[in-house]
Structures are given as C-alpha cells and as structure tokens.
Amino acid sequence: MSVVAMVFGEYFSHLVWGHAEKVWLSKIVAAILIVTLGIINIVGVQVITKLLSVASVLKLGVVAFLISCGVTVLIKGKGQIENFQTPFSFEGSSTNLAEYGLAFYYCSFTFQSWNS
C-alpha cells in the first residue's frame with residue numbers, strides 16, 4: 001500500500017505543484033493518504049464501502065458523459081471519422097493468435113495492483 005501511496009503522491013505533486021516539486025512533498029502527500037485511509041478504516045468499513053460506491057457511480061457518470069459527448073459530436077457532423085471508413089480497421093495487424101495471447105498476458109500485469 002505504501003508504494004501505491006508514493007506513486008499517488010508523485011502524481012498529485014506533479015499535478016498541484018508542477019514538475020519543479022521537491023521529493024519530500026510527494027512523501028508528505030503519501031503519508032497523509034495512508035493516515036487518512038487508516039483513520040477511515042478505524043471509523044468503520046461501512047464508511048469505505050459508501051465511499052467506494054460513490055466513487056464507482058462518479059466513474060460511471062464520467063464515462064457516460066464522455067461517450068455522450070463523442071456521440072453528440074459525431075451526430076452534429078463535426079467529428080473526424082476517416083479512420084473508421086476503411087473496410088477493415090485493423091489492416092496490417094497480426095493474424096497470429098499467439099501474439100494476441102501474449103499481448104493480453106502482458107496487459108494483465110497492469111491489473112496486478114488490484115490484488116493488494
């Protein structure tokens with residue numbers, strides 16, 4: 001959990017203070033995150049459950065908003081759809097199923113943080 005908090009601290013520091021931030025700022029943000037999550041966990045698991053439910057609804061809302069914006073732009077005729085007009089959008093891609101299996105295998109490592 002500390003590594004994930006450190007990465008969050010780095011990203012948050014770059015977002016708020018820019019690239020000229022000090023290393024200790026990201027460590028402070030990570031420490032605040034860990035302490036905050038610890039306090040929430042002490043208060044009760046039900047609070048975290050409600051917080052995650054709200055976060056999930058917000059994520060789905062953002063995805064629905066982005067999709068509706070894209071569809072609206074396409075309906076108004078202002079979108080660029082040249083890449084979708086070819087008969088087969090994956091021209092030049094591999095036909096070897098083993099290469100796709102290997103690609104999915106490597107992509108599965110991105111979800112490894114869900115196990116912690």
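Reply:

Along the sequence, the protein chain follows the pattern α-α-α-α, with four helices and zero strands. Helices (H or I, at least four residues) and strands (E, at least two) are DSSP runs, numbered from the N terminus. This is a predicted model, in which local features need pLDDT of at least 70 and side-chain atom pairs count only at pLDDT 80 or more, while totals for chains, interfaces and linings use all residues. Residues are numbered from 1 along each chain as its sequence is written, and side-chain values use heavy atoms, with hydrogens and water left out.

Helix 2 comprises the 21 residues 23-43. At 1.5 Å a residue it should span 30 Å, and its end C-alpha atoms are 31 Å apart, which agrees; the expected span is 1.5 Å times one less than the number of residues. Helix 2 is followed by Gly44, whose phi is positive, near 155°.

The buried residues of helix 2 are Leu25, Ser26, Val29, Ala30 and Ile40. They cover an arc of only 140° around the axis, which puts them on the same side of helix 2; the arc is that of the directions from the helix axis to the C-beta atoms. An α-helix has 3.6 residues a turn, so residues three or four places apart point the same way. The face turned away from the buried side of helix 2 carries the exposed residues Val23 and Ile42. Here buried means under 20% relative accessible area, exposed over 50%, and partly exposed in between (1.4 Å probe, protein chains only). Across the protein chain, buried residues make up 9% of the 116 residues.

The cover over the buried residues of helix 2 includes helix 1 (2-17) and helix 3 (45-76). Helix 1 and helix 2 pack at an angle of about 125°, with their axes 7 Å apart. Axes are lines fitted to C-alpha atoms, for helices over the stretch in contact, and angles run from 0 to 180 degrees between N-to-C directions. The two helices are therefore oblique to each other, given that angles under 35 degrees count as roughly parallel, over 145 as roughly antiparallel, 65 to 115 as roughly perpendicular and the rest as oblique.

Residues of helix 1 that meet helix 2 include Ala5, Met6, Gly9 and Trp17, and their partners in helix 2 include Leu25, Val29, Ala30 and Leu33. Contact means heavy atoms within 4.5 Å.

Ala30, in helix 2, is buried, with a relative accessible area of 3%. Leaving aside its neighbours within four places in sequence, Ala30 is in contact with Ala5, Met6 and Gly9. The C-alpha atoms of Ala30 and Gly9 are separated by 4.8 Å, although these residues are 21 residues apart along the chain.
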